[in-house]
Amino acid sequence: MIEVNGLKKIYEVKRRQNFFCSEKEKIEAVKDISMKLEKGQIVGLLGINGAGKTTTIKMLTTLIEPTAGTYSFDGIDAIAHPDKVKRQINMIAGGERMIYWKLTAYENLWYYGQLYGIENSLLKKRIEELLKIVGLEEKANLPVETFSKGMKQRLQIARGMINDPKYIFLDEPTIGLDAIVTQELHKEIIRLAKEEEKGILLTSHYLSEVEELCDYIYLVNAGELVFEGTKKNLTDYVFSKNRYVFSVKGMDEAIIIKLRDHLRSIDLESEVMHENGNAVITSKAELSANIAEFAVNESLIINELHKLEPSLEQAVIKLSKNIESKGVDIA
Amino acid sequence: MKYFFKVMLAESWKQHRNYFSNKLIYVSLFLWPFLSFMASYYSYKVFDIEGSVVSYISGGNIMVFLLIGYMGMSFFRSVVQSAWHFSFERQSGTLEYIYLSPASRMAVILGNALSSVFEGSVAMAVFGALIILYNKESLSINVIGLVTVIPIFLCVALLWGAFLNACFLYSRDTDFLFTVLEEPMEIFSGVKVPVSIFPGWARVISCIFPLTYALEALRQVMLNSADISSVKNVVIISLVIILVLLSATLITIHIVEKHMRKTGNVILF
Amino acid sequence: MDLKVLRATIKKEFQIRLRAYPVDFMLGCILTSFYTVFGAWMMYHYFFGKRLATDFSNLTGTSDYMSYAIVGSLVYMFVVRTCLNVSRRLITELREGTLESLMLAPFKRTSYFVGNMILQTIMTLGETAIAMVIGVFFGLKIHDFCFWKFVIALILSIYGFFGLSLILGCVMIYTRDTYISQNTLFTAIFLVCGITFPKEYLPGILQFVGNIIPVTDCLTLMRADFLGGLTNGRFIYIAMRIFLVGSVYVFTGFPLLKQLEKIALEKMEG
């Protein structure tokens with residue numbers, strides 16, 4: 001298990017004042033982040049305003065040393081022993097760079113395998129397996145520059161698996177990919193976590209991706225954790241009220257008024273709005289039974305009645321608006 | 001140790017495949033030194049060569065004197081160039097992955113320099129063949145001396161490459177460093193004009209370039225049939241240089257890694 | 001020629017330079033000139049003890065080797081700076097992705113390049129002046145200066161170098177490379193155009209190559225302006241030759257470049 005507590009990173013930046021003098025300025029990129037990542041789990045790291053995500057990932061991958069805080073990696077103190085950690089992690093970033101274009105797919109994997117000191121016969125076997133998994137076994141001996149974007153991205157995944165890492169950091173892995181390739185990648189990520197028991201930390205700008213893949217979410221704003229929990233926890237937390245869409249044959253203003261009176265008698269704070277021929281209801285209480293009962297009592301023919309589940313995207317947008325308007329975190 | 005060599009060989013192989021797959025690179029390794037060599041040769045014609053103040057240079061062997069100079073020069077140039085190319089890995093993002101791995105940084109950097117030593121050797125062989133073809137008679141080789149000097153020459157070049165690699169890798173303005181290093185090396189390390197006749201201040205500058213000693217030793221054993229005892233000083237200095245370059249490279253790598261883990265920035269100077 | 005485009009180009013380039021003057025580039029060129037002169041100085045004073053070959057003064061019309069080499073290195077620097085800038089212009093636009101928008105605008109290429117050339121010439125003249133001061137320390141002496149001849153030589157040089165830049169630009173756009181093509185050309189110029197030694201020393205074939213590169217003749221005229229040793233008749237003859245060769249370069253360069261631009265844009269799509 002990866003466990004960080006109170007992780008903090010302060011950069012000292014020299015700001016040049018004139019030709020001779022420069023002033024040191026401290027920038028607090030990460031203020032206080034605590035998180036956990038277990039094997040077989042996919043965890044999302046979302047940032048609201050550029051929020052120190054990159055710094056956090058770099059600290060977790062031991063590329064950067066935290067200013068304060070603890071980082072334990074399967075019981076090892078990762079800050080003191082980065083080399084032990086490096087053998088068991090890897091990172092996969094989106095984009096087409098970060099592989100050698102003049103080398104073939106096989107040669108790229110071989111080279112990175114050597115950097116991890118993997119024994120040759122084992123490496124050969126692993127490369128073949130990986131190329132098969134990412135569907136590049138037929139292109140293994142072609143130079144990467146002839147590959148399409150999606151193929152390069154798949155090669156990135158194989159590269160990120162070359163040392164058979166226990167934990168994988170995915171940094172915007174699907175950026176710039178088309179829908180079909182993205183879907184394939186998602187399947188692969190889920191397989192890695194569920195079948196191979198890898199612990200995966202994912203950052204992404206596509207909230208639908210995080211929604212689809214992640215079991216648990218950390219939301220960071222300006223270097224601080226503003227929320228952690230499952231997607232359901234987050235939407236419940238942001239949207240504390242239930243929302244229903246209700247429509248009947250011959251819906252008119254009179255029905256809306258009647259429905260509003262009926263529901264107010266149960267939940268004083270409930271709201272009924274008339275939108276595009278539907279009634280949109282918000283309430284604290286669970287009202288679906290009461291709405292159905294209203295329709296039966298009034299002998300109305302129901303076209304539609306369902307509860308609206310807010311998406312992660314809506315939740316994050318609302319949350320960031322809240323943060324903006326209050327100027328502080330809402331927790 | 002096995003791991004170290006594994007990384008070193010993999011790196012040099014990768015570097016070779018990645019940059020030298022472009023055949024144009026050989027233009028810079030052969031054509032440029034050759035054109036410069038010709039220009040230098042013809043610029044000697046302006047002078048009364050027999051009037052040279054250096055004892056072992058005459059109208060007969062001046063061509064060979066120059067060829068040896070450019071042979072060494074093109075070897076060192078290939079090392080500098082490959083170091084310069086490696087600094088591009090910072091922009092392309094592959095450097096980060098190298099840092100993500102537990103591989104020894106020194107092995108990576110040495111491997112890189114090693115790849116260019118291979119290319120340099122090809123260039124060296126061509127210049128060597130030219131020397132023999134053109135003017136065998138003017139050579140006066142001490143075989144034992146040559147056999148001793150060549151491995152030292154290779155070692156110096158390799159470590160000079162490794163040191164520059166470390167510098168290029170962590171510097172902001174690599175292009176500038178590259179131009180600043182290339183031409184002075186040609187002038188001050190005695191490719192065209194022997195260092196022994198330099199005025200004092202120029203000789204101080206020439207001390208900085210390992211090529212100076214490498215060329216002096218090579219010329220002594222090839223033109224002056226000098227045995228080991230007479231190039232003893234140059235050999236000792238070369239060995240000292242090897243040690244200095246090695247430790248400078250190790251220290252640079254160490255400082256940079258520390259700096260990078262603190263600031264998140266690979267660039268040091 | 002479209003003066004509006006010319007003015008706009010000069011203004012744009014001037015602003016770019018003003019904001020980010022390529023100091024290291026300039027320094028690099030001045031240093032190159034310094035090293036060339038320094039190398040010549042070492043050979044003359046130390047290596048060969050000031051003893052020149054007997055045919056040197058017959059071939060060059062002067063016995064002042066240092067001034068001969070310094071003028072050569074100054075002109076060389078001038079060529080490198082102007083050619084580099086002008087010919088790299090288009091490929092830079094290609095790389096930065098502005099070539100497409102440039103091509104969209106219905107402007108005249110001539111004005112665009114001439115504008116670049118004029119600005120670069122002004123800047124390079126300044127840099128050459130700095131290098132000249134260094135040259136004086138190494139023994140540059142002016143023996144016989146004629147202002148009008150200098151002006152004629154300068155204008156013709158700019159014309160010839162401009163033509164050369166266009167051809168180099170074509171090569172760069174075609175091969176999409178700057179590093180190899182520019183350095184190969186400059187090393188070749190250094191060899192065949194008589195920068196530090198009279199071209200008569202070279203084998204016939206290389207002399208011929210030197211003659212079709214306008215740098216050789218421009219250098220002869222420039223040397224004549226500072227060091228003398230050339231009759232008026234000969235001066236006019238060489239000047240005519242530069243004009244002719246330069247015109248060949250300019251009038252093949254422009255249409256060729258236009259063709260290659262199209263190819264470059266098509267390649268970009270693929």
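A helix axis here is a line fitted to C-alpha atoms over the stretch in contact, and the angle between two axes runs from 0 to 180 degrees between their N-to-C directions. Keep that at hand for the first stop, and remember throughout that you are looking at a predicted model.

**Stop 1: a helix pair in chain B**

Select residues 62-86 of chain B, which form helix 3, together with residues 210-223 of chain B, which form helix 10. The axes of these two helices come within 10 Å, and they cross at roughly 140°.

Now show side chains. From helix 3 of chain B, the contact draws on Val64(B), Phe65(B), Ile68(B), Gly69(B), Gly72(B), Met73(B) and Phe76(B). Helix 10 of chain B answers with Leu211(B), Ala214(B), Leu215(B), Leu218(B), Arg219(B), Met222(B) and Leu223(B). Coloured by class, this contact shows 11 nonpolar, two polar and one charged residues.

**Stop 2: Asn61(B)**

Next, select Asn61(B), in the loop that runs between helix 2 (25-44) and helix 3 of chain B. Is Asn61(B) buried or exposed? It has 22 C-beta neighbours inside 10 Å, and a residue is buried at 20 or more, so Asn61(B) counts as buried. Leaving aside residues up to four places away in sequence, Asn61(B) touches Asn135(B), Ser138(B) and Leu223(B).

For a sense of distance, draw a line from the C-alpha atom of Asn61(B) to that of Leu95(B). The two residues are 34 apart along the chain, and the line spans 47 Å.

**Stop 3: confidence along chain B**

The chain averages 83, and 94% of its residues score at least 70. Where is confidence lowest in chain B? Look at helix 8 (residues 174-188) of chain B, with a mean of 75. The highest confidence is in helix 9 (residues 200-206) of chain B, at 89.

**Stop 4: where chain B meets chain C**

Display chains B and C together. Here 28 residues of chain B are in contact with 30 residues of chain C. On the chain B side, helix 2 and helix 8 of chain B are the elements that give two or more residues. Helix 2 of chain B gives the most, with 10 residues. By class, the chain B side divides into 17 nonpolar, six polar and five charged residues. Of the two pairs of chains in contact, chains B and C share the most contacts.

**Stop 5: chain C on its own**

Hide everything but chain C. The view holds 11 helices and zero strands. Its radius of gyration is 19 Å, close to the 18 Å that the globule rule gives for 270 residues, so chain C is as compact as a globular protein of that length. Its C-alpha trace spans about 60 × 35 × 35 Å along the principal axes. Of those 270 residues, 43% count as buried. Among contacts between residues at least 6 apart in sequence, 83% join residues at least 24 apart.

**Stop 6: where chain A meets chain B**

Bring chains A and B back. In this interface 24 residues of chain A are in contact with 22 residues of chain B. Helix 1 (53-60), helix 2 (82-86), strand 6 (89-93) and helix 3 (105-115) of chain A each supply at least two residues. Which element of chain A gives the largest share? Helix 3 of chain A does, with five residues. The chain A side divides into 11 nonpolar, five polar and eight charged residues.

Zoom in on helix 3 of chain A, where 11 of its 11 residues are buried. These include Tyr106(A), Trp110(A) and Tyr111(A). The buried residues pack against helix 4 (120-133) and helix 5 (149-160) of chain A, and also against helix 1 (2-19) and helix 5 (94-100) of chain B. After the helix comes Gly117(A), with a positive phi near 65°.

**Last stops**

Finish at Asp236(A), in helix 8 (residues 231-238) of chain A. With 13 other C-beta atoms within 10 Å, Asp236(A) is partly exposed. Pro310(A) is 74 residues away in sequence, yet its C-alpha atom lies 8.8 Å from that of Asp236(A).

Methods. Residues numbered from 1 in each chain as written. Chains lettered and ligands numbered in written order. Predicted model: local features only at pLDDT ≥ 70, side-chain atom pairs only at ≥ 80, totals over all residues. Helix = DSSP H or I, 4+ residues; strand = E, 2+ residues; numbered from the N terminus. Rg over C-alpha atoms; globule rule 2.2 N^0.38 Å. Buried ≥ 20, exposed ≤ 12 C-beta atoms within 10 Å, placed from the backbone. Contact = placed C-beta atoms within 7 Å. Nonpolar A, V, L, I, M, F, W, Y, C, P; charged D, E, K, R; others polar. pLDDT = per-residue confidence, 0-100.
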